[in-house]
2 protein chains.
Amino acid sequence: MMSRTSQAPNECDSSKSSIVASRPRLWETASAMSKQKDNGTPAVRHPGQKISLKFLADHLGLSPATVSLVMNRSAVADSIPKATQDQIFAAAHKFNYRPNFLARSLRTQRTFTIGVIVPEVSEGYETLVLSGIEEHLLREGYFYFVASHHHKPDLIDEYPKLLLARSVEGLIAVDTPWQHDLSIPVVAVSGHNEMQGVTNIMLDHRRAAELALEHLFKLGHRRVAFIKGQEFSSDTEARWDAIVQAATKLGLTIHAKLTTQLLGDVPSPDLGYQVTRRLLAKHEPFSAMFAFNDISAIGAIRALREKGLRVPEDVSVVGFDDIQSAAYQNPGLTTVRQPLRKMGRIAAETVLRRITRDGMDYPKQITVEPELVVRESTCKAGRANVAKSRFRKDC
Amino acid sequence: MMSRTSQAPNECDSSKSSIVASRPRLWETASAMSKQKDNGTPAVRHPGQKISLKFLADHLGLSPATVSLVMNRSAVADSIPKATQDQIFAAAHKFNYRPNFLARSLRTQRTFTIGVIVPEVSEGYETLVLSGIEEHLLREGYFYFVASHHHKPDLIDEYPKLLLARSVEGLIAVDTPWQHDLSIPVVAVSGHNEMQGVTNIMLDHRRAAELALEHLFKLGHRRVAFIKGQEFSSDTEARWDAIVQAATKLGLTIHAKLTTQLLGDVPSPDLGYQVTRRLLAKHEPFSAMFAFNDISAIGAIRALREKGLRVPEDVSVVGFDDIQSAAYQNPGLTTVRQPLRKMGRIAAETVLRRITRDGMDYPKQITVEPELVVRESTCKAGRANVAKSRFRKDC
DNA sequence: CTGGTTGACTAAAGCGATTTAGTTACGATT
DNA sequence: AATCGTAACTAAATCGCTTTAGTCAACCAG
């Protein structure tokens, strides 16, 4: 088995700085544009001719080995005279030569490719994590494949295999329950897996629950409604446990009649809307809601409004995640912020670190801290009660 | 040059249906699980042994050629007895063999990989297009690389080259101005390029402008403020031209003092917010706004609100795109819907079609139709005037 | 004159498939 | 008995690169 400690290809001492810092460069062909004297046997360039290493070599009257060695700035190539090297670079530049990544990968067993699997690509949550992942990976010269499984077990099963067949060097799973035991490093964002070989990046749920509940508690809310996440979401359970703990600590009672759970696997504010309507139909009084995520909080607010309840005057609402649209809701959504982009970045960093320093030791878990973002959807509780509070204004 | 008309590999008549319809399967190894009699010379399986074709062949006492032929259900393999075939499948299944995609790609010159370049991965607009692209590509057995360039010219230059070096078979560019002349099919979503080799998927801007302006006009709005897109956005110019035309047709005057333009390249409602504040500072009366996109409309609404103007009672606002959060704004955003997901799907379909039916003929442009989505951010104009309309309620 | 260095390259194996052009054995035909 | 046909495989080239182990000539030291 090949050691993964080898550095990225073409990482060389060239002083030419690339646009994207420190990426494994695909040979900077421009380095020696001068002195391009075409050698004795200039290979004829047929119209559709692919520019391969061999083509260059023939053109220069050298062997592919030499060209490769020089272009990769291999130590072995030190003995090759500057003049020859320049010729090689010049030719490469002239023909705009780019090595074939497939061939190189096949040979070196390095693909610089990561697989990412997520439930959806179009959701606020995943989207932010993805952007953190993407930024780091591309900066480091990797590309990635994304596959979204919409929580379908078949796909959750299938995609990792397909990605593996494509020789990805690592896998990042976002909000996806994990069963596999893969031969490559796996990092799960919001995973909660205790699997061999996976690093979990997760929020400090305890702290998150405390932040939200303390905030509501201090504002005087005692009857709080909760929207739990769907069964399949890997955060649901941990989040709920943390809420129960935090509530206990505060002496806040959780009323069974005021807790509901999201249903449906296509994420949409509508899920929160439906669940809140059902909640309101019970005529059980409450002065605040804590939703599983921002998207359901947004739906909840709509449902409340439709019943003539003002947010936050009659009911305070706290979301979770701080997706981009949370800030631009009206009222701005008070929410527990997950550093989603950062979590993505950490996931990417971790997976790359595990790939390159292929040690047996890797972190089983990395915890990140939440942050309470107070906007306009929460305020002091009045004599809070769904029935009574309808037309009061106390903010 | 190899013909691209060859069908996807492993597309066979096997009755076993795959999870994902009609994808080029990576050999369904389960097809013959019975009768696995290990041949005379069972290759020893070392712990870290990679399962290659050669390994299987050795194990079975056959040549790699035979195994490959059978597994690919090549016509040449017709003469190979069922018994042998079964043994091969059984062994493949037993060892959970998956062909190495890199090797296969290198040989066949088919990578089943598409490159996608977008400004951001985390924005509502791109995100929806991406999800349309992704759905179609994965269904067809392709994977894709995404690269986001944040409108940086260097990256817009660099990424296509890197993707090409990775042998993508086609490229989809979303909202990205295009200069390159690539050797592979290129599809641009909202591109407005007249480049050789690129198919543009674009909205019928004329119709879009008409929908929005007619709507406002019918509601009685005569003084409409406009927010134009940033210079770099490929839609900006076409959209504006269409607006001018539609306005002329309606007899609506466009006031220079009421038109502003977004600045800044990190998309955020804040851009719309800033621009609207500046607009309001002019104290030029208007009763409606037409924003370049939903995201700026959302910021605009916030700015209006801050000045004590109600939306829609005092100022009606029309957005553009119909990103997901538009529906869940409060008030719900009236907007011109671009069928973004569909545009993504069409882009994917088109690029695949161009890859497989490698004809010279390809559509230069595909136009999709917008749709007006009336929600709550627009209503009848009163004696509309920023100064006067402050405390009226006429909806 | 011999042997050792060094400089400048190159041959060739190998990564893991696919695919064309055979080869071999065997039974059937002429 | 020679030929043919067919069934059942296989050899080997190839895709485009990397990389180790040489090769070969020139130069130098002893």
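**View 1. Polar pairs where chain A meets chain B.** Across the interface of chain A and chain B, 22 residue pairs (both at pLDDT 80 or more) are in polar contact, meaning a pair of N or O atoms within 3.5 Å; within protein, one must be able to donate a hydrogen and the other to accept it, and residues adjacent in sequence count only if both atoms are side-chain atoms. This is a predicted model, where local features need pLDDT of at least 70, side-chain atom pairs count only at pLDDT 80 or more, and totals for chains, interfaces and linings use all residues. Residues are numbered from 1 along each chain as its sequence is written, chains are lettered from A and ligands numbered from 1 in the order in which they are written, and side-chain values use heavy atoms, with hydrogens and water left out.

**View 2. The salt bridges between the chains.** The rule (a side-chain nitrogen of Lys or Arg within 4 Å of a carboxyl oxygen of Asp or Glu) turns up two salt bridges across the interface of chain A and chain B. One of them joins the side chains of A:Arg302 and B:Glu376, at 3.5 Å from N to O.

**View 3. How much gets covered up.** Contact here (heavy atoms within 4.5 Å) takes in 59 residues from chain A and 59 residues from chain B. Together the two chains bury about 5,100 Å², with 58% of it on carbon and sulfur atoms; buried area is the accessible area (1.4 Å probe) that two parts lose on being put together, summed over both. On chain A's side, look for A:Phe143, A:Arg166 and A:Tyr328: they supply 16% of the area that chain A buries against chain B, more than any other three residues.

**View 4. Protein around DNA strand D.** There are 27 residues around DNA strand D, and the closest are A:Leu53, A:Tyr97, A:Arg107, B:Thr66 and B:Ser79.

**View 5. Zooming in on the phosphates of DNA strand D.** An N or O atom in the side chain of A:Tyr97 sits 2.6 Å from a phosphate oxygen, while for the side chain of A:Asn72 that distance is 3.3 Å. From chain B, a polar backbone atom of B:Ser79 is 2.3 Å from a phosphate oxygen.

Key
A residue is near a molecule or strand if one of its heavy atoms lies within 4 Å of it.
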